[in-house]
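Open the model in your viewer and keep the selection panel at hand. The stops below go from the whole chain to one ligand.

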Amino acid sequence: MSAPLEGATASVGGARATRASAAASGLRARIADYLSMTKPGVQSLLLFTTATTMYVAGDPSPWLVAVTCLGGALSAGGAGALNHVLDRDIDRVMSRTADRPVAAGRVSVARATAFGALLGIAAFVLLAVAVNPLAAVLSAAGLVGYVGVYTAWLKRRTPQNIVIGGAAGAVPPLVGWAAVTGGLSGTPLYLFAIIFFWTPPHFWSLSLLMKDEYARAGVPMLPVVRGEQETRRQVLLYAILLYAVTQLPFCAGAFGWLYLAVSLLLGALFIGGAILLVRRRDRTTALRLYLFSLLYLALLFAAMVADVRL
Ligand code: HEM
Ligand SMILES: CC(C)=CCC/C(C)=C/CC/C(C)=C/COP(=O)(O)OP(=O)(O)O
């Protein structure tokens, strides 16, 4: 081959390679966008509470745990995508959320809606067929609660949005219990109540750091409507209520001394952190309590399994 021809062939090959690598990175970015709409960070803890509850409820096969978690992930993921659609206007206004795929216009409303609906339907069918109808219905109720009750209805109307709407995030233990036993009883309702009372201190401590953003977006979160000090007071109140609720399954005989010891220690730390939050009005204390809330829930559910199994 002559030198000029060689050069031309090389540049055609180079252009093709550049186009191929641009297409590959475009595809990777698109996949990352769709994945981010499923809110994988939040999902990790939702699925952890589902899986741990299953080991409290009985002796599930690895297959049952895997398929239940897959169903839960599809359901919560679909809910997340639909939340991205409904909240796109306020997400656009807040710096934390402005770059989300729908808010930023990278994924269309129609595509995100179809994606969310498809995941929700796939979750329902999978759980109904491979697990049981009760698990499927409970999981669908979680999706409707988060998308229909919290996102579409309460989030923009009342500072109690996350208290009432937070019930959706407390559904995973019910799904896990129903998956193993085919029904519900007192223990899963206690676990539901634990997440229900955990959600306000989890979110409100973080909301202290995002007050101005919520105010700009016109979302009536507690620190915007009732002020920061009242929010800190409510965090403490709910931390105390949460402690009381965590003692109920021990009193009812569902768990033993190991759970009692761990729940006492974690409860004291949570209440201690909330007292600090009321006293010290700095951002670091709020951020630390929010991060601790994540560790708290994970350790509490891990302790339930350890208590039942050891
Ligand atoms: C209405 C109820 C809730 C509200 C308003 C809420 C709000 C938030 C917000 C604003 C964040 C930080 C930003 C983000 O990473 O998206 C966050 C993080 C998180 N939440 Fe919640 N949350 C709620 C319920 C729950 C529930 C029920 C769970 C699990 C049991 C949970 C688990 C998490 C986790 C694991 C993170 C950290 C995510 C990460 O770092 O990527 N949240 N939550
Ligand atoms: C069982 C089942 C299907 C449950 C689904 C419920 C679910 C996904 C609960 C998590 C709650 C959550 C991510 C709140 C974020 O609030 P936000 O939407 O106000 O936060 P944002 O500003 O980050 O969007």
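**Two domains**

Colour the protein chain by its two domains: domain 1 is 37-182, and domain 2 is 185-215 + 222-310. These bounds come from an automatic or database domain assignment. The model is predicted: local features need pLDDT of at least 70 and side-chain atom pairs count only at pLDDT 80 or more, while totals for chains, interfaces and linings use all residues. Residues are numbered from 1 along each chain as its sequence is written, and chains are lettered from A and ligands numbered from 1 in the order in which they are written.

Now select the contact: 20 residues from domain 1 and 22 residues from domain 2. Contact here means C-beta atoms, placed from the backbone, within 7 Å.

Stay on the domain 1 side. Show helix H2 (40-57), helix H7 (161-165) and helix H8 (172-181), which each give two or more residues to it. Helices are DSSP runs (H or I, at least four residues), numbered from the N terminus. H2 gives the largest share, seven residues. By type, this side has 13 nonpolar residues, six polar and one charged. Gly counts as polar, Tyr as nonpolar.

**Around ligand 2**

Next, select ligand 2 and the 18 residues around it. A residue is included if its C-beta atom, placed from the backbone, lies within 6 Å.

H3 provides the largest share, five residues. Finish by colouring the shell by type: eight nonpolar, seven polar and three charged.

Conventions: Two residues are in contact if their C-beta atoms, placed from the backbone, lie within 7 Å.
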